[in-house]
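Hi,

Here is the structure I promised to pass on.

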Amino acid sequence: MTTEDRGARGAQPSSAPLLDRYAPLPGVYDEFCTAAGAPRPDVARVVGLLDNLGLAEFRRRQGLAEGAFHEGGVTFSVYSDQRGVEKTFPFDLIPRVLAAREWAALERGLVQRVRALNLFLEDIYGEQRILHEGRIPRAMVESSAGYRVAMRGLKPPGGGRVIIAGIDLLRRPDGEFVVLEDNLRVPSGVSYVIENRGVMKRVIPGVFQQSRVRGVADYPIHLRNALTSVAAGVAPEEARVVVLTPGPYNSAYFEHSFLARTMGCPLVQGTDLFVWQDKVYVKTTRGPRRVHVIYRRIDDDFLDPEAFRPDSMLGVRGLARAYATGNVALANAIGNGIADDKAVYPFVPEMIRFYLAEEPLLPQVETFQCSDDGQREHVLANLARMVVKEVDGAGGYGMLIGPKATKEEREAYAGRVRAHPRAFIAQPVIELSTCPTWAETQVAPRRVDLRPYVVTGASSTFVLPGGLTRVALVEGSYVVNSSQGGGSKDTWVLEEEGVR
Amino acid sequence: MISRVAESCFWLQRHLERVDSTARLLEVNLSFVLDVPIPVLEAWRPLVIVAGEEPRFRELLGEGALEDGEAVQEYLTWDQRNPVSILSAAYWARQNARTIRETISLEMWKSLNSFWLWLTDGSGRRLYRSERSEFYRRLKEMSQLFRGICHDTMLHEDPFDFMRLGMLLERAGQTARLLDVKHHKLGPSAPVARETAVEFAHWQATLRSCSAIEPFLKKGRSVAGVEAVDFLLFETTLPRSVRHCIDRAWNFLRRIRPPAAPGVPHESSTLLKALLDHVRGTSIMEVMHTGIHEELTYLIESIGGVCLAVHRDFFDPAMPDAQWTPGPRSS
């Protein structure tokens with residue numbers, strides 16, 4: 001990309017335009033430029049503003065941004081030793097930019113999808129119409145590790161199951177967004193969205209102001225309203241909401257504390273709570289106090305040693321009973337894992353048709369079920385062109401990226417697939433889109449994904465404009481997870497022209 | 001507030017108070033040993049005793065190291081095996097803050113985190129090597145800064161009150177321990193006229209460690225053992241006197257648990273009130289009569305007892321038994 005209006009300034013390396021030598025990868029959609037290297041019309045104004053900062057100035061401000069995260073202690077923990085080491089989440093100052101129109105379409109698709117997933121959970125733990133009518137194979141559901149058969153027939157207080165959803169999206173080479181996976185248990189990352197924005201506003205205020213970007217700071221308020229709206233047997237303004245964390249050594253501890261702080265509610269650990277006569281109480285300096293809603297950031301398995309894993313030290317004994325009795329609301333509900341099981345994912349379009357009588361607005365990635373003999377053989381025969389994942393995996397762990405793996409790695413993985421076919425699915429490798437990203441001395445294309453957040457209360461739904469853009473900082477890498485060399489970018493959803 | 005959070009508030013400020021008081025002691029002693037010709041063993045060993053670390057120090061570094069100013073400073077400042085070293089105390093202060101980030105203000109967190117990064121990223125070490133006194137001055141200033149930010153940015157309710165309570169009890173104990181060690185070393189104080197130059201310098205250093213030398217002179221006192229002990233124990237207006245700290249601690253405890261609060265244990269109130277009555281009702285003459293060491297031992301043990309009672313009352317309350325029913329406010 002070049003800018004013509006720079007004149008003599010362009011001659012000095014220190015004031016070279018930021019994207020002077022930027023070239024997108026062939027055959028990959030780039031968020032900023034067309035294949036020919038010209039800025040995309042939808043985002044051209046923002047691209048121009050960034051470009052005008054110049055390379056030297058950008059570099060200085062990227063350093064300022066990194067310092068801000070360090071000082072702020074915006075960290076995640078890596079499980080490299082027992083205590084966990086705090087690391088700052090690498091941040092890239094070049095934002096990912098989405099035009100108003102494009103976002104509006106995505107937003108409709110997300111709301112539709114989350115509605116259908118909520119109805120699916122309602123149905124699976126209720127009448128199971130979708131199974132009776134044969135639209136989803138019963139065996140697929142009943143064999144899922146996320147299915148909690150004990151929750152059959154229980155209606156969660158307030159009715160909500162997927163209060164907080166994080167839907168992972170990719171952009172294909174044709175520019176279309178597709179759903180890669182749903183996160184309906186304890187999706188994380190939203191605190192980085194808000195922290196990233198705070199740093200952007202401080203570090204490049206001029207560019208930000210002129211770009212006219214939709215705000216993200218009110219997410220905690222929406223979340224709190226959704227949480228109080230599902231409280232059982234108490235008015236929302238009376239409800240005591242707590243955030244339940246596994247503790248400071250958990251990788252997402254920063255986020256747990258961030259959300260508690262910004263929602264203005266207590267952050268608790270399992271040992272701070274107890275259940276008495278099927279009601280949940282928190283230990284306070286003035287004696288026990290009743291808890292009505294728990295935003296729990298602990299997996300089902302560890303939630304209650306009485307109901308699930310008896311060795312769990314993180315949970316609260318009797319919590320599942322209190323929940324089943326309707327005395328406490330949990331966000332998200334117990335048993336949501338059935339709906340974001342990767343082997344159930346291929347049926348989500350079917351759910352949308354079945355429950356909503358609508359056509360899915362968001363396409364998704366073609367998926368092969370390794371439990372099906374024919375599909376499995378196809379996958380194993382084409383392993384070098386496939387991404388294979390564990391159906392209940394997360395964090396980018398335990399997956400095989402065929403083209404990046406060695407022959408030995410592929411063979412070893414094939415052995416695991418044959419041994420436990422139901423535990424795996426496969427998808428063709430997708431050339432996810434790139435975004436210009438700072439790479440030590442220059443700007444280079446790096447792959448990105450997008451995780452928008454959908455918050456569903458008793459009577460309203462909120463979609464955070466944008467969401468978390470994760471970026472694979474390593475050249476050529478497809479893995480965007482923070483635990484594996486990924487970083488993040490701020491996501492700018494532009495306001496519609498003429499809004500201000 | 002949540003019991004665990006209250007406990008972290010309490011300890012956060014206690015640990016920072018340790019950073020502050022250890023830095024003060026070391027800073028004052030650095031200049032003290034330059035002024036006064038004293039036996040090497042008397043120069044640094046008292047600091048290890050005040051920290052309550054003499055047995056561990058001997059075990060880890062050997063008897064001889066007690067004479068080595070560098071070894072003592074290193075141990076009290078950087079040694080992670082010393083649970084009350086400046087580095088350990090700063091680590092625990094930050095860990096406590098990290099577990100209650102939703103409770104403290106963002107400004108408090110940032111200030112503490114910057115302090116921790118400075119201490120551990122090499123900057124602190126460099127200053128320690130090049131300008132020792134300046135290093136300790138900075139530590140002192142950083143903990144003062146944190147206390148100021150805390151006072152100005154937090155709601156003045158339970159979490160704040162627990163922080164102050166922890167800080168004040170720690171500070172009262174620290175002043176008492178410091179006096180005890182000095183008293184041990186100097187023996188019963190001689191009449192003013194016969195005090196040697198060395199003793200004079202000792203008491204001056206003791207007062208300076210508590211930021212009390214100028215207040216002492218402003219109050220028209222003359223530097224002498226009894227006067228200094230009286231001032232550090234009973235001066236109501238001196239921020240680091242035992243009397244002042246206990247007075248203030250009582251105020252905070254009463255705010256946390258108003259006297260009329262029904263149906264809750266208040267062993268901590270009973271014990272702190274007894275201690276308060278004691279320091280309010282005791283004169284320096286009585287202390288001289290019963291013995292300074294005995295008085296200081298009583299104070300140190302009482303403060304320890306109050307801390308344990310605070311723990312039992314607020315941080316680790318008994319869980320309900322079968323008869324328990326939630327009170328009207330908790331149902």
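A quick definition before the helix I want to show you: the expected span of a helix is 1.5 Å times one less than its number of residues. Keep in mind, too, that this is a predicted model.

With that in hand, take α2 of chain A, which covers residues 55–72. It has 18 residues, and from its first C-alpha to its last it reaches 26 Å, close to the 26 Å expected at 1.5 Å a residue.

Which residues of α2(A) are buried? Leu55(A), Phe58(A) and Ala65(A) are. Looking down the axis of α2(A), you'd see its buried residues fall within an arc of 75°, so they line one face of the helix. As a reminder, an α-helix has 3.6 residues a turn, so residues three or four places apart point the same way. The cover over the buried residues of α2(A) includes α1 (44–53), β3 (91–98) and α6 (190–203) of chain A. Turn to the face pointing away from that buried side and you'll find Arg60(A) and Gly63(A), both exposed. Just after α2(A) comes Gly73(A), with a positive phi of about 65°.

Still in chain A, there's a sheet to look at. It is an open one of 4 strands, in the order β7-β6-β11-β12, with parallel pairing. Its edge strands are β7 (267–268) and β12 (329–331) of chain A, each of which pairs on one side only. In general, strands of a sheet pair through backbone hydrogen bonds, either parallel or antiparallel. Here, β11 (residues 293–296) of chain A runs parallel to β12(A), and the two pair over 3 bridges.

Now over to chain B, which splits into domain 1 (1–153) and domain 2 (155–317). The C-alpha centres of these two domains of chain B are 20 Å apart. How many residues of domain 1 of chain B are in contact with domain 2 of chain B? It's 28, and they meet 24 residues of domain 2. On the domain 1 side of that contact, α1 (3–35) and α2 (40–50) of chain B each supply at least two residues. α1(B) gives the most, with 19 residues. By type, the residues on that side of domain 1 of chain B divide into 16 nonpolar, 5 polar and 7 charged.

Over to you!

Conventions: Residues numbered from 1 in each chain as written. Chains lettered and ligands numbered in written order. Predicted model: local features only at pLDDT ≥ 70, side-chain atom pairs only at ≥ 80, totals over all residues. Domains from an automatic or database assignment. Contact = placed C-beta atoms within 7 Å. Nonpolar A, V, L, I, M, F, W, Y, C, P; charged D, E, K, R; others polar. Pairing = 2+ DSSP bridges. Buried ≥ 20, exposed ≤ 12 C-beta atoms within 10 Å, placed from the backbone. Arc of directions from axis to C-beta.
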